[in-house]
Amino acid sequence: MLIAVLPGDGIGPEVVAEAVRVLEALGLGLRFEEAPVGGAAYKTKGHPLPPETLALARRADAILFGAVGDPDCDALERSLRPEQAILGLRKELGLFANLRPAKAFAELVDESALKPEIARSIDLMIVRELTGDVYFGTPRGRRTTDAGLREGYDTMRYDEGEVARIARTGFETAQRRRKRLCSIDKMNVLETSQLWRDVVIEVSADYPDVELTHMLVDNAAMQLVRNPGAFDTIVTGNLFGDILSDQASMCVGSIGLLPSAALDANGKGLYEPIHGSAPDIAGQGKANPLATILSAAMMLRYSLGNAEAADRIEAAVARTLAEGARTADLGGSLSTREIGDRVLACL
Ligand code: NAD
Ligand code: IPM
Ligand code: MN
């Protein structure tokens, strides 16, 4: 099996290095091939997603991705900015289904931004649509209005095929969990969301064993803090899923803990932490690598057909935390490398 390793910018290379060490330690004979992406690729190759990097991603059986984003690049024209690399990979590879699990670690309930008795109950899966919505809708741009004012505009759009496809992923994910699916939208205001809700209800006819509920996104943001344990599986659009997953991470304890899988229709996947390149702590060896290590576990489970190895990694991470090992985001003082060492020891 060939794994494309795309470390990217900021803390990306720091956290990816630990995940690769963990995968190597499993002795599965995986082959790793690395390529530049994001600001790092722009600086060396002139483009955030060079053709060789995209070709490697296509060729590989799975992709391990760090993060992209570099303040030096924020003034570039948008098509050359680091973030276009991850957006381009998702679109080019058809990675429409983004799984973002958030589950409490018993030892971390005091680190949660919530009261421990509320934090303890979190065990949810956000199924985020990843190749549509206002992220990719056209027209979009900047212009000057007739009144001479600068204007920016984007288009939120989904077609029914895109909604039905991610709804099925949501229902099938719920079937493997506690069989409860909450679809999150903003149908009281948005036409896109009205279509979303109508199509999710239509698709639900094929999944009578799953209990479907609907929630408006503003209420969902509130309920995620009030009683996150009430959620099982969530299905939502690209933008709402992006925001709610960062929020869910702090309910668990840190954004440095949440992994993700971005899957196509055939099980090929890109695996990455939900966090970004964290320029504020990059280069200091302070980043929490657990989200990326847990993303490697998701890779084994979803793309490499090795649930046993995935379980081993997840157990080693839980044990690392149970033993009190913590990076700064969790109130500790261990380095990225030291946490990697502790996970390897627990493996
Ligand atoms: P961010 O997730 O990079 O950081 C937010 C905060 O969380 C920062 O204080 C950071 O230090 C902290 N943090 C993040 N990951 C951490 C970790 N593993 N351990 C400890 N602390 C961690 O979000 P941001 O600051 O809004 O964005 C920074 C850059 O990252 C931007 O350029 C953005 O576009 C990019 N970004 C990329 C991705 C991606 O590649 N998929 C995801 C999100 C943001
Ligand atoms: C994420 C990030 C990306 C997104 C950005 C960097 C394009 O925030 O992966 O969560 O918005 O999807
Ligand atoms: Mn995000």
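How many nonpolar, polar and charged residues does the shell around ligand 1 have? The shell has 11 nonpolar, 6 polar and 4 charged residues. This is a predicted model. The protein chain holds 12 helices and 12 strands. It is divided into domain 1 and domain 2.

**Overall build**

- The C-alpha atoms of the protein chain fill a box of roughly 60 × 50 × 35 Å along the principal axes.
- The radius of gyration is 20 Å, which agrees with the value near 20 Å for a compact globule of 347 residues.
- Of the 347 residues in the protein chain, 50% are buried.
- Among contacts with a separation of 6 or more, 74% link residues 24 or more positions apart.

**The two domains**

- Domain 1 is made of two stretches, 1-96 and 258-347.
- Domain 2 covers 112-252.
- The centres of domain 1 and domain 2 are 24 Å apart, taken over C-alpha atoms.
- Where they touch, 9 residues of domain 1 are in contact with 11 residues of domain 2.
- On the domain 1 side, helix 4 (residues 83-92) gives the most, with 3 residues.
- That side of domain 1 divides into 6 nonpolar, 1 polar and 2 charged residues.

**The ligands**

- Ligand 1 has 21 residues around it.
- Gly69, Gly256, His275, Gly276 and Asn288 come nearest to ligand 1.
- Ligand 2 is surrounded by Glu83, Ile86, Leu87, Asp242, Ile274 and Gly276.
- Helix 4 supplies the largest share of the shell around ligand 2, with 3 residues.
- By class, the shell around ligand 2 has 3 nonpolar, 1 polar and 2 charged residues.

**Helix 8**

- Helix 8 spans residues 217-226, and its buried residues are Val217, Ala220 and Leu224.
- These three lie on the same side of helix 8, because they cover an arc of only 45 degrees around the axis.
- The face turned away from that buried side carries the exposed residues Asn219, Met222 and Arg226.
- The cover over the buried residues of helix 8 includes strand 8 (180-185), strand 9 (211-216) and helix 9 (238-252).

**Helix 12**

- Helix 12 spans residues 336-346.
- Its buried residues are Thr336, Ile339, Gly340, Arg342 and Val343.
- They cover an arc of only 160 degrees around the axis, so they sit on the same side of helix 12.
- Helix 1 (12-25), helix 10 (290-302) and helix 11 (307-322) are among the elements that cover the buried residues of helix 12.

**Backbone exceptions**

- Most residues other than glycine have a negative phi, and most peptide bonds are trans.
- A cis peptide bond joins Thr138 and Pro139, with omega about 0 degrees.
- Pro139 lies in the loop between strand 5 (123-129) and strand 6 (141-144).
- Lys179 is not a glycine, yet its phi is positive, near 65 degrees.
- The loop that holds Lys179 runs between helix 6 (160-175) and strand 8.
- Lys179 has 14 other C-beta atoms within 10 Å, so it counts as partly exposed.
- Ala278 also has a positive phi, about 40 degrees, without being a glycine.
- Ala278 is placed in the loop between strand 12 (269-273) and helix 10.
- Ala278 is buried, because 23 other C-beta atoms lie within 10 Å and the cut-off for buried is 20 or more.

**Arg150**

- Arg150 lies in strand 7 (residues 150-153).
- Is Arg150 buried or exposed? Arg150 is exposed, because it has 8 other C-beta atoms within 10 Å and the cut-off for exposed is 12 or fewer.
- Leaving aside neighbours within four places in sequence, Arg150 is in contact with Arg142 and Thr144.

Definitions and conventions
Residues numbered from 1 in each chain as written. Chains lettered and ligands numbered in written order. Predicted model: local features only at pLDDT ≥ 70, side-chain atom pairs only at ≥ 80, totals over all residues. Domains from an automatic or database assignment. Contact = placed C-beta atoms within 7 Å. Helix = DSSP H or I, 4+ residues; strand = E, 2+ residues; numbered from the N terminus. Nonpolar A, V, L, I, M, F, W, Y, C, P; charged D, E, K, R; others polar. Arc of directions from axis to C-beta. Rg over C-alpha atoms; globule rule 2.2 N^0.38 Å. Near = placed C-beta within 6 Å.
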